[in-house]
Amino acid sequence: MMAGVGVMLALGFGLVSALRAKFPTTEGPRLTREEQPGLWRVVDDLAEQVSTRPPDEIVLVGEINAAVYEESRVLGLRAGKRTLLIGLPLLAAMNVTELRAILAHELGHYSGGHTRLLAVTYRGTRTLEHTVGRLDSGLAKTLLDGYSRLYLLIAQSANRRQELQADEYMVAVAGKRVAANALRKVATLSPLWNAYFDRYVSLGAVTKRTPDVLLGFRAFLKDPAQREWVAKTADEILANKPSSRFDSHPSTSRRIAAITELPDARPDLDGRPAWSLLDSPREDIPHAELDVLIRDLGPRAHWGEIVRLAGLRSVHKGAEMLAEAGKESGLAPGGTIGEVILVLRHGDIERFAAPMRNESLAPDVIAEASEKIVTELLGDAIVAALADAGHARHELNWGGGWELKVYDRPFDIEALVKPAVEDPRAVGELVQHLQRLRVPAAFVRSPSTEPEEEPEPVETRLIAIMSALQDGRKLVDLLVCNTELVLVRMSRWVLVRRGLAGLIGAAGMVDRKRLKGLDPRKVDAYQRIPLHTITGGGFTQRRLTEYLVLALPDGEFRLALSNHVSDFGDARERLEDFLARR
């Protein structure tokens, strides 16, 4: 009977919360009919072709995806507000025909009534997640956990069938060839998008310039190097895509195979970039990028300028590090290129590189690591000298970051420097090359004396909580934040309520409700310990009591772990990792 009561109470708590659940509000620019009539004409035309009502709003998002949802009512029996999401990267990666195919698929979900059922399954999933999450142990949790897995298994199986049905609408509008190409392109875009951001968009922060993200991404995708990569790896990506009974989508290879069995259509092909559907892409795209992809890093700049500035900054930094190594080692106190050349003649590479080398390296790799460091830094110093004289620059190369040009010709600086670093007998040839290039032996790049910008203060953010620790006789909650530890007094009445809730396996519910929405900046804390003041510590056992010990400048601080300790967000593990690094 107690188990039955526990199940009913737990399910009741979850059901009340889930019935009130709504789809989370999507952040991103809304494209109205007045602002984007061209795009809306396409969407309206596609909706008519798949025999459904068009969406009520279109939202641009920063994902490589398109999606639809509907805020249906009365458990999906009544239609609600419809929203179409379009991933901004798709506007650069696809042409108009391919985007039409993707949008036809999404609108097909409306036509098949899938989005109304999605609202029902969303609420059902929320109910189970909410209920099982509130239970800590016991028969109620075991039963509901098993039921939730069964529910998801059935719901996701239905979702996979709906995806194949929506693909039928896509083929009817765009044809089998275009539909298959669109699916294949979406599947391979994620690694390319990540590589593009890592290699290129990150240069905007380095140079304090705001790039044209989508324009660059389209150029990046058209480069022969990326096309070759896609040709080699596309089949492997499609074949290795994880497939589970709990996946909401069939594998892309499965969907493409199903498309080949469908009747074909002959669409009107339009090879223009998908962003051509926007009313004024030159103005609309930059604003949308700042809304969902990047922040304003500084003045807008074309990619050629950003790469040139980033390359110059890189070689200047390397030249500064070379000068510092010379001064710290004592072998090149002036830090000039000429002094470093003398170090190469005497073969003192390991001593020279010691200030810049990892001290934990094994003896058998020290020589190799030293040569690599000196080759790179001396090469940077030489390029910096040439760049400052106007003879060298870095040019954009979508296939590999940038390309060094010296006197307007491609130049391999490593091939020039490496032989002399590895063998003192090759130093003479290096000197001759430097003389022909007009590199001054007295060149030195001293560390920049420009004042660094003050870093923005880090906002305190709650990471995890340990509840019911003891500071002497006081019960406390320990709030683990990204900048500090916060101690808050805890009432003993909480233990009583937790004990009563434990009768139905929901002891943690009391703490979750009490700590929900806790803002560490506004709590009535009786002590705050900045993380930078903690010099060490850990969890230690003394007799029958375990303690959390923190080493502070003015002595140790101890908190006893009572029998009622609760951990939210892996607080103990995070504290152990942090203290192990102090």
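Predicted model: local features only at pLDDT ≥ 70, side-chain atom pairs only at ≥ 80, totals over all residues.
Helix H7 bends by about 40° at Phe-197.

**Helix H7**

With 32 residues, H7 spans 45 Å between its first and last C-alpha atoms, which is close to the 46 Å expected at 1.5 Å a residue. Just after the helix, Lys-208 adopts a positive phi of about 60°.

**Aromatic residues**

The structure contains 14 aromatic pairs. One of these is formed by Trp-193 and Tyr-196, a tilted pair with 6.1 Å centre to centre and 40° between the planes. The two residues are separated by about one helical turn because they are 3 residues apart in H7, which covers residues 176-207. In general, an α-helix has 3.6 residues a turn, so residues three or four places apart point the same way.

Are Trp-193 and Tyr-196 buried or exposed? Trp-193 has 9% relative accessibility and therefore counts as buried. Tyr-196, at 0% relative accessibility, likewise counts as buried. Both residues belong to one aromatic cluster, which also includes Phe-197, Tyr-200, Phe-217, Phe-220, Trp-303 and Trp-398.

| Charged residue | Ring | Distance from ring centre |
|---|---|---|
| Arg-489 | Tyr-526 | 5.0 Å |
| Arg-558 | Tyr-547 | 5.5 Å |

**The loop holding Asn-358**

Asn-358 is located in the loop between helix H14 (349-353) and helix H15 (363-388). Its relative accessibility is 47%, so Asn-358 counts as partly exposed. The C-alpha atom of Asn-358 is 9.7 Å from that of Ser-370, a residue 12 positions away along the chain.

**The antiparallel sheet**

An open sheet is built from 7 strands with antiparallel pairing, in the order E11-E10-E9-E8-E14-E13-E12. Which strands stand at the edges? They are E11 (527-530) and E12 (536-542); each has a single partner strand, so one side of each is left without a neighbour in the sheet. From one strand to the next, the twist averages 35°.

Within this sheet, E9 (residues 474-481) and E10 (residues 484-489) pair in the antiparallel sense over 5 bridges. Leu-478 has Leu-487 in E10 as its bridge partner. As a general point, strands of a sheet pair through backbone hydrogen bonds, either parallel or antiparallel.

Conventions: Residues numbered from 1 in each chain as written. Heavy atoms only, no water. Phe/Tyr/Trp six-rings, centres within 6.5 Å; stacked < 30°, edge-to-face > 60°. Helix = DSSP H or I, 4+ residues; strand = E, 2+ residues; numbered from the N terminus. Buried < 20%, exposed > 50% of the residue type's maximum accessible area, 1.4 Å probe, protein only. Lys NZ or Arg CZ within 6 Å of the ring centre and 35° of its normal. Expected span 1.5 Å × (residues − 1). Bend = angle between axes of the 7 residues up to and from the residue. Pairing = 2+ DSSP bridges. Axes fitted to C-alpha atoms, helices over the stretch in contact; angles between N-to-C directions.
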